[in-house]
Amino acid sequence: LTVSSNAVTITAPNKESKFGTTVNIEITTDPNVNQGIVAVTDGNGFTQDINLAESNSFDYPVNGMPGNEITLTYTYNDATSTYTSEGTTSKVTITKRDSITSSESVSTNVGNVKVSVSVVDEDGTTPITNGTVNILNGNTVIGTALLSGSNTVVISLDLAAGTYDLVANYTGNDYHITSKDEDGLNGLTVSSNAVTITAPNKESK
């Protein structure tokens with residue numbers, strides 16, 4: 001007489017998450033069982049045992065290059081041999097984080113128009129120190145600079161006297177998506193340089 005364990009199907013959803021975050025993954029079983037251990041591995045050093053008697057979910061730390069997929073492998077073990085399963089896999093797709101761009105004018109006289117642009121991570125504090133910043137006048141790029149070791153650049157602009165609605169645009173990098181600031185340089189007024197004219201008083205016959 002052969003007594004067989006009951007077959008259990010384990011499933012886990014595919015997920016999409018930004019790098020540097022954690023994503024919660026819920027394991028389901030069919031039939032629903034609340035015993036046994038599900039061992040989770042990612043092939044990159046992450047391992048976690050999920051005791052189904054206590055919980056059916058876990059938090060996975062998302063690390064790696066955005067655009068990559070991580071395969072999680074789920075292996076089931078029941079010490080009582082009541083249940084058995086072939087296990088399963090699921091995928092976590094890594095996506096880019098948001099960026100935040102801010103800008104302000106530094107000097108606004110003709111021939112010396114300069115603006116400052118800073119870029120940080122979506123957390124509002126972590127500096128982003130690579131990528132390209134463009135200054136747009138409408139659809140025309142009128143200034144550009146590379147972030148290199150700093151999250152702030154000062155860009156000189158060749159503008160005549162007048163008022164401009166400029167946009168600072170960060171084009172993104174391997175880990176962050178593009179962002180723009182439409183407010184910091186909106187209504188930028190470029191002034192002519194003041195010239196003082198003098199002429200001497202004279203006395204003549």
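**Exercise 1.** Which charged end sits over the ring of phenylalanine 19?

*Solution.* It's arginine 97, whose charged end is 5.9 Å from the ring's centre. To count, CZ of Arg (or NZ of Lys) must be within 6 Å of the ring centre and within 35 degrees of the ring normal.

A word on the model: it is predicted, so local features need pLDDT of at least 70 and side-chain atom pairs pLDDT 80 or more, while totals for chains, interfaces and linings use all residues. Residues are numbered from 1 along each chain as its sequence is written, and side-chain values use heavy atoms, with hydrogens and water left out.

**Exercise 2.** Work out how phenylalanine 19 and tyrosine 175 pair, and how accessible each one is.

*Solution.* Start with the cut-offs: rings of Phe, Tyr and Trp (its six-membered ring) pair if their centres lie within 6.5 Å; planes under 30 degrees apart are stacked, over 60 edge-to-face, the rest tilted. Here the centres are 4.8 Å apart and the planes at 55 degrees, which makes the pair tilted. Next, sequence: the two residues are 156 residues apart. Finally, phenylalanine 19 is buried at 18% relative accessible area, whereas tyrosine 175 is partly exposed at 30% (buried is under 20%, exposed over 50%, partly exposed in between; 1.4 Å probe, protein chains only).

**Exercise 3.** Classify the ring pair of phenylalanine 46 and phenylalanine 58.

*Solution.* Their centres are 6.4 Å apart and the planes at 25 degrees, so call it stacked. Phenylalanine 46 is buried at 15%, and so is phenylalanine 58, at 3%.

Conventions. Helix = DSSP H or I, 4+ residues; strand = E, 2+ residues; numbered from the N terminus.
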